[in-house]
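This briefing goes through a predicted model, by topic. Please keep the sequence and the coordinates open while reading.

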Amino acid sequence: MNYSEIFQNQLTALRTEGRYRQFAELERPLGMYPRARWFQTPDAEPKEVVIWCSNDYLSMGHHPVVLTALHQAVDTGATGAGGTRNIAGTHHAHVQLEQTLALLHSKEAALLFTSGYSANQTALASLGLLLEDCVILSDDSNHNSMIEGIKRSGARKIIFKHNDLADLEQHLLHLPLAQPKIIAFESVYSMSGSIAPIPKITALARKYQALTYLDEVHAVGMYGALGGGVAQEMGVADEVDIIQGTLGKAFGLSGGYISASKEIVDCVRSFGNGFIFSTSLPPMIAAAAKASVTHLMGSSSERAQQREAVRRLRAALKQAGIPNLANDSHIVPVMVGDAFLAKAASDRLLTVHGIYVQPINYPTVARGTERLRFTPGPKHTQELIDQLVTALSEIWAHLKLPRL
């Protein structure tokens, strides 16, 4: 058995389909963001590039309040956690952050995880397992972490059409009212930027006696008076049973969490293997995350600047005839529709124009909908926007891509 050949054939197939992923080796020096250093080869000097696809949506990764909290935590010894939460790994900083996250979402409790992926996978697996004969109704555009969590739960899964209330209700109608149900969906879908009709979904949940599980990873910090997400902005956060979020996007650090009632959080804490058997988040990260969350609960200037950058970019793209997917969120998908062309556009942006944006292809998006996903932030000035759109116009002409 030639195992190397088998694995090599799999990689060759990815390259043939134009889906082989290459990572840009970057360094983000303090004070330069969104500019960064790109290490093209081990021997060459790094080249300065502008990042346009980071999930550090509000540039909080380098914010002074975050850096100060991080340094203070390190200076007091809050580095590695030293174990799982159950075995010497529950640090004071973890508890403080969980209390802050519960406050952010106006929930009774919150629970930290090492990543948003782990939070989704563990929470959904635990809830679906604990609720006997449970059915989980999942939006067909849900993230892979949610899909994997539902699989692990062993619960029956029903997929409803993306943001389609009529389709969701049709499925609910055919389920016994007394049967346990969870409606699992996202607030902002990261590759299209579409936003869920949360109030209408929660109304259906009440009507058919279902729990709601809302992934707000691309919305926390970004929406709502306190940065609690789209549900908070729509005034229905109290109607959502479980809110899942991340510390690795708008809050600028790493880690994930859920926020819900004390009973739900305690059940996931007590039964969730992904939580029980994982070394806990480094306390210094927890301390810095608390500082970031607390800052954004009291400051809306970062959100306002970010939305203005989105408005300006969309206006410039429209004027240049560069096709981008319309939505009401902060995500700007520029549509290409071909894996090879999306990769070629990304490569040319980086090597010729010094602009980094990653091509998005299958399985992240459906074949034929390949795209470049732009995430303008507070630090993307009008000058950088103009440079980007000029570069895209050159590339659209070079690759003979259709314009609006």
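The largest nonpolar core has 54 residues, and those with the most contacts inside it are Leu101, Leu137, Ile183, Ile198 and Leu247; a nonpolar core is here a set of buried Ala, Val, Leu, Ile, Met, Phe, Trp, Tyr and Cys residues joined through side-chain atoms within 4.5 Å. The largest share of this core, 7 residues, comes from H11. The model is a predicted one, in which local features need pLDDT of at least 70 and side-chain atom pairs count only at pLDDT 80 or more, while totals for chains, interfaces and linings use all residues. Residues are numbered from 1 along each chain as its sequence is written, and side-chain values use heavy atoms, with hydrogens and water left out.

**Cores**

- Apart from the 54-residue core lies another core, of 35 residues, which includes Val50, Leu372, Val389 and Ala391.
- Isoleucine 198 touches Phe185, Ser187, Leu214, Val230, Ala231, Met234, Val236 and Val240, when residues up to four places away in sequence are not counted (contact means heavy atoms within 4.5 Å).

**Helix H2 against helix H11**

- Helix H2 (residues 64–75) packs on helix H11 (residues 283–298) at an angle of about 150 degrees, with the axes 8 Å apart; axes are lines fitted to C-alpha atoms, for helices over the stretch in contact, and angles run from 0 to 180 degrees between N-to-C directions.
- That angle makes H2 roughly antiparallel to H11 (over 145 degrees).
- The residues of the contact of H2 with H11 divide into 11 nonpolar, 2 polar and no charged, where Ala, Val, Leu, Ile, Met, Phe, Trp, Tyr, Cys and Pro count as nonpolar, Asp, Glu, Lys and Arg as charged, and the others, Gly among them, as polar.

**Helix H3 against helix H11**

- The axes of helix H3 (residues 92–104) and H11 come within 8 Å and cross at roughly 25 degrees.
- That crossing makes H3 roughly parallel to H11 (under 35 degrees).
- By class, the contact of H3 with H11 has 11 nonpolar, 4 polar and 1 charged residues.

**Arginine 37**

- Arginine 37, which has its place in strand E2 (residues 35–38), is partly exposed, with a relative accessible area of 33%; buried means under 20% relative accessible area, exposed over 50%, and partly exposed in between, with a 1.4 Å probe and protein chains only.
- Helices (H or I, at least four residues) and strands (E, at least two) are DSSP runs, numbered from the N terminus.
- Arginine 37 touches Glu25, Leu26, Glu27, Pro29, Met32, Pro46 and Lys47, not counting residues up to four places away in sequence.

Notes
Angles under 35 degrees count as roughly parallel, over 145 as roughly antiparallel, 65 to 115 as roughly perpendicular and the rest as oblique.
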